[in-house]
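This briefing walks through a structure by topic, for reading beside the sequence and the model. Please keep both in view while going through the points.

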Amino acid sequence: MHDSVWFELNKKPAVFVASDAFVDAADAQATALGLADVRRVFVPHPIQDATDEEMRAKADAIIDAVIEPPALRSELIRRLAQARGKDRHFATRRHGVPPV
């Protein structure tokens with residue numbers, strides 16, 4: 001929550017994403033930090049034991065709340081264009097471990 005508030009106060013859009021077990025705590029903290037209306041999105045609890053497939057389903061369920069649909073298309077186009085132009089050549093490495 002601190003990061004989301006900091007970004008918003010510095011005119012950078014942010015969205016706080018957490019498990020719905022933390023709704024009351026997030027509300028209290030946002031108010032205490034002076035930005036009670038900071039955007040927040042909650043996914044169904046629990047998270048810790050969720051499988052990859054369950055996590056993808058949770059993410060799919062909230063994506064429109066995190067990235068508003070009109071902005072999503074332009075953001076995806078921008079990121080795909082950036083990835084297309086990325087240099088994918090890596091220097092030969094002594095130990096052969098590729099970068100992450």
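**Briefing on the predicted model**

Lys11 is found in the loop between helix H1 (2-9) and strand S1, in a model that is predicted. The chain as a whole comprises 4 helices and 2 strands, which follow one another along the sequence in the pattern α-β-α-β-α-α.

**Confidence**

- The average pLDDT of the chain is 85, and 88% of the residues reach a score of at least 70.
- Among the elements of the chain, H2 has the highest mean pLDDT, at 94, whereas helix H4 (residues 69-84) has the lowest, at 80.

**Backbone features in the loops**

- Lys11 has a phi near 60 degrees, which is a positive value in a residue other than glycine.
- With a relative accessible area of 76%, Lys11 is exposed, since the cut-off for that class is over 50%.
- The peptide bond that runs from His45 to Pro46 is cis, its omega being near 5 degrees, and Pro46 has its place in the loop between S2 and H3.

**The salt bridge**

- A search of the whole structure finds 1 salt bridge, and this is formed by Asp27 with Arg40, whose closest N and O atoms are 3.0 Å apart.
- Because Asp27 lies in helix H2 (residues 23-32) and Arg40 in strand S2 (residues 40-43), the pair ties together parts that are 13 residues apart in sequence.
- Both partners are partly exposed: the relative accessible area of Asp27 is 29%, and the relative accessibility of Arg40 is 23%.
- In general, side chains of opposite charge can pair when their charged atoms come close.

**Nonpolar core and burial**

- The largest nonpolar core has 8 residues, namely Met1, Val5, Phe16, Ala18, Ala26, Ala30, Leu35 and Val38.
- Strand S1 (16-19) and H2 each supply at least two residues of this core.
- Val5, one of the core residues, is in contact with Leu33, Leu35 and Val38 when its neighbours within four places in sequence are left aside.
- Over the chain, 16% of the 100 residues count as buried.

- Ser19 lies in strand S1 and counts as buried, because its relative accessibility is 7% and the cut-off is under 20%.
- Leaving aside neighbours within four places in sequence, Ser19 is in contact with Phe42, Val43, His45 and Ile47; among these contacts, His45 is also the residue from which the cis peptide bond runs to Pro46.
- For the chain in general, 54% of the contacts between residues at least 6 apart in sequence join residues at least 24 apart.

**Helix H3**

Key:
Residues numbered from 1 in each chain as written. Heavy atoms only, no water. Salt bridge = Lys/Arg side-chain N within 4 Å of Asp/Glu carboxyl O. Buried < 20%, exposed > 50% of the residue type's maximum accessible area, 1.4 Å probe, protein only. Core = buried A, V, L, I, M, F, W, Y, C linked by side-chain atoms within 4.5 Å. Contact = heavy atoms within 4.5 Å. pLDDT = per-residue confidence, 0-100.
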